[in-house]
Amino acid sequence: MNRAITFPLLSFFLSIFSLAGYAQEVNITHGPYIQALGENEATIVWTTDSNAVSWVEVAPAGDDSFYASERPKYYQTSNGNRVVGTLHKIKIAGLKKGTEYRYRIFSKAVRSYEGHRVLYGNIASSNVYSKKPLRFSTLDKDKKTISFLMLNDIHSRVDDLKNLSGKVEYGKTDLVIFNGDMVSSMNDETQFFSGFMDDAVTMFAGEVPMYYCRGNHETRGKFSVNFPEYFPTNTGKLYYSFRQGPVYFIVLDGGEDKPDSDIEYSGLAQFDAYRSEQQQWLKELIKTEDFKTAKYKVVLIHIPPAGSTWHGPNDIRNKFLPVLNGQGVTAMLCGHLHSYEYLKPEPGLYDFPIIINAHNTSLEVNADLNSFSILRKSTDGETLEKLTF
Ligand SMILES: [Fe+2]
């Protein structure tokens with residue numbers, strides 16, 4: 001073949017192959033979803049299938065195109081370095097409370113990183129051309145109403161997850177709480193994404209924030225120490241608090257239910273000390289103005305501190321209840337038992353109701369300045385019970 005023809009052909013095929021190669025260099029594999037949403041900040045989390053440097057562009061709410069102007073970019077940094085990796089969690093700070101924002105995510109492939117020389121590949125991003133940009137609204141303690149949903153003990157039953165949270169809707173549902181045991185163990189990233197998180201993203205988690213309350217099953221498995229990296233909180237711990245409208249939320253981590261030395265934990269459990277650490281944090285928390293001035297106070301913990309004589313519930317009962325009693329707690333919401341129970345206040349033990357949600361029902365809570373109600377709903381969407389406080 002004539003060399004003059006061969007070279008253009010060769011370069012054409014090379015460019016096709018190389019474009020095809022670039023196209024597969026980085027793909028968004030899971031997410032994005034919103035974590036640690038506060039009045040002035042949000043963290044957007046997603047993963048990619050290869051190393052990338054990532055950013056989020058944020059635009060105010062509006063009907064103008066996302067392309068109307070250059071949008072501010074937020075990167076994940078660590079001590080001044082922009083982070084390269086496959087897990088991307090980007091904190092957007094400096095936001096206004098109770099305000100809607102639109103956002104778009106980007107990941108630029110890092111093909112090689114030697115010394116200070118970085119060779120970049122293509123960019124993957126969320127679609128704002130043929131789809132509406134994703135959005136979120138920051139929390140607002142002055143908001144007059146709140147509606148939130150709680151689910152628990154899904155143990156990877158994605159059909160139940162879909163049925164129980166099918167009505168979650170941006171603008172109507174302020175937030176969703178996963179109250180533990182969403183999977184039966186934490187062995188790797190794929191397990192929790194396929195077990196519940198991918199479907200949560202498809203349904204709502206890109207726009208409606210999800211707050212995680214860890215269950216005892218999430219403490220199990222070799223990935224259990226890594227999984228909190230995917231669910232950042234405002235404390236950097238799995239116990240934290242936040243306020244939306246008239247409700248102050250306290251999220252506690254009950255740890256495991258058996259003694260730390262039990263053979264089932266293979267010498268890797270240290271939850272007694274961890275619950276003591278939380279007790280100290282809780283003692284300080286209840287002194288804060290935000291907590292004291294909230295109309296309603298909701299405590300979330302996976303393992304209920306009653307109805308069992310096992311070590312975990314005993315330790316939770318002994319460490320947390322004396323701090324919470326006398327603080328005007330509206331209700332404690334739990335899971336773990338896979339059956340519904342309503343425990344009315346028990347003088348001397350707990351001065352608030354404890355509501356234990358089943359594995360196949362949801363609790364839909366609606367509150368304003370005058371009332372606080374809970375609808376317990378089945379996977380068919382049927383209301384099984386209404387509790388009013
Ligand atoms: Fe559990």
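Predicted model: local features only at pLDDT ≥ 70, side-chain atom pairs only at ≥ 80, totals over all residues.
**Entry 1, helix H2.** I began with helix H2, residues 158-165, and found that Leu161, Leu164 and Ser165 are buried there, where buried stands for 20 or more other C-beta atoms within 10 Å of the residue's own, with C-beta atoms placed from the backbone. These residues lie on the same side of H2, because they cover an arc of only 80° around the axis, the arc being that of the directions from the helix axis to the C-beta atoms. I kept in mind that an α-helix has 3.6 residues a turn, so residues three or four places apart point the same way. Helices (H or I, at least four residues) and strands (E, at least two) are DSSP runs numbered from the N terminus.

Residues are numbered from 1 along each chain as its sequence is written.

**Entry 2, surroundings of H2.** I then looked up what the buried residues of H2 pack against, and noted strand E10 (146-151), strand E11 (175-178), helix H3 (189-205) and strand E19 (362-367).

Which residues cover the two faces of E11? I found Leu175 and Ile177 on one side and Val176 and Phe178 on the other, all of them buried. E11 runs parallel to E10, to which four bridges join it, and strands count as paired if DSSP finds at least two bridges between them. Within this pairing, Phe148 has Leu175 of E11 as its bridge partner. E11 also runs parallel to strand E12 (residues 210-212), with three bridges between them, and here Ile177 stands opposite Tyr211 in E12.

By an automatic or database assignment, the protein is divided into domain 1 (28-137) and domain 2 (146-388), and I read 28 Å between their centres, taken over C-alpha atoms. I found 16 residues of domain 1 in contact with 18 residues of domain 2, contact meaning that the C-beta atoms, placed from the backbone, lie within 7 Å. On the side of domain 1 that touches domain 2, strands E1 (28-35), E2 (42-60), E6 (84-92) and E9 (134-137) each supply at least two residues, and E1 gives the most, with six.

Technical notes:
Buried ≥ 20, exposed ≤ 12 C-beta atoms within 10 Å, placed from the backbone.
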